[in-house]
Amino acid sequence: MSVRANTAPRPSQLDAAKAWLGWAKERFANAPTWRDMDAHLILLSVVTVILVLGVMALTAAPAFGLGRSWDFVTWMIAAPAIYLAAWQLLSLESIAAALRGAALATAMCAAAFGATFVAGFATVGFAIPVAALLSVSMIGEWLTRRDDIMAGSGCGAGRFAHTAGLVAFLAGLVPAAMHVSRTGVDGWSVALLVAATLPHALLTSILRGSALPVATQLRRASVLVAVVGVSVAGFLGWDSVVRG
């Protein structure tokens, strides 16, 4: 009995690249208007900056006792966790899913920083870039699957947008954190943070097949900023009264 060889052509890397380019072209054609994208980018940047500044103000309070040496750690954990939480709240339709994702993102960012620190300590710093890139890739893969499920199969921004965008975010976040650890939070650190958020925010805005209405994003951003602002102000006021 003869066995017939499988002569079906296998897709080449060139065919895969052509398929991706066709998909990207279709997404570009159906992308939101520049006005909607500008609103999304502005809201995302404003929410991220305000929440990061709120966390930095809390950790600088006497009740926590964290000095300048902890600013780098706080920035490197809080900024990506807050950005990922804000992105999900302003992009995913389900608030419950976005809140669950925000909690998971916070845990993943803390675990990623811890793993990178341990790897760097064990190898005298040599493994830090590899560990950081692996951690970001894992978070990007997780966010890709979550985005695809929440937006509908095939409507998410895709692996390239999330992974490449988060790698660019990490590359911009490190100099911002180093600046904060030297001089504290100032205009330059805020500008670097905003610049770090733009690649991921822009790529996902263009390549995502669905987007929340700007009014919905504005309501969510306003509530989030109000809740965090009142909480931070209340805690700092209570702390100053107790210690005063």
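**Close-up 1. Salt bridge between Arg208 and Asp147.** In this predicted model, the side chains of Arg208 and Asp147 meet in a salt bridge with an N to O distance of 2.7 Å, the term denoting a side-chain nitrogen of Lys or Arg within 4 Å of a carboxyl oxygen of Asp or Glu. Arg208 lies in the loop between helix 7 (187-207) and helix 8 (214-243), whereas Asp147 belongs to helix 5, so the pair ties together parts that are 61 residues apart in sequence; helices (H or I, at least four residues) are DSSP runs, numbered from the N terminus. Arg208 is buried at 7% relative accessibility, and Asp147 is buried at 1%, where buried means under 20% relative accessible area, exposed over 50%, and partly exposed in between (1.4 Å probe, protein chains only).

**Close-up 2. Salt bridge between Arg159 and Glu141.** The side chains of Arg159 and Glu141 form a salt bridge at 2.8 Å, N to O. Because Arg159 lies in helix 6 (residues 159-183) and Glu141 in helix 5, the pair ties together parts that are 18 residues apart in sequence. Arg159 is partly exposed, with 49% relative accessibility.

**Close-up 3. Salt bridge between Glu141 and Arg145.** The closest N and O atoms of this Glu141 and Arg145 salt bridge are 3.9 Å apart, and both residues lie in helix 5 (residues 128-151), 4 residues apart, about one turn of the helix. Glu141 is partly exposed at 24% relative accessible area, as is Arg145 at 47%.

**Notes.** Residues are numbered from 1 along each chain as its sequence is written, and side-chain values use heavy atoms, with hydrogens and water left out. For this predicted model, local features need pLDDT of at least 70 and side-chain atom pairs count only at pLDDT 80 or more, while totals for chains, interfaces and linings use all residues.

Key:
Helices (H or I, at least four residues) and strands (E, at least two) are DSSP runs, numbered from the N terminus.
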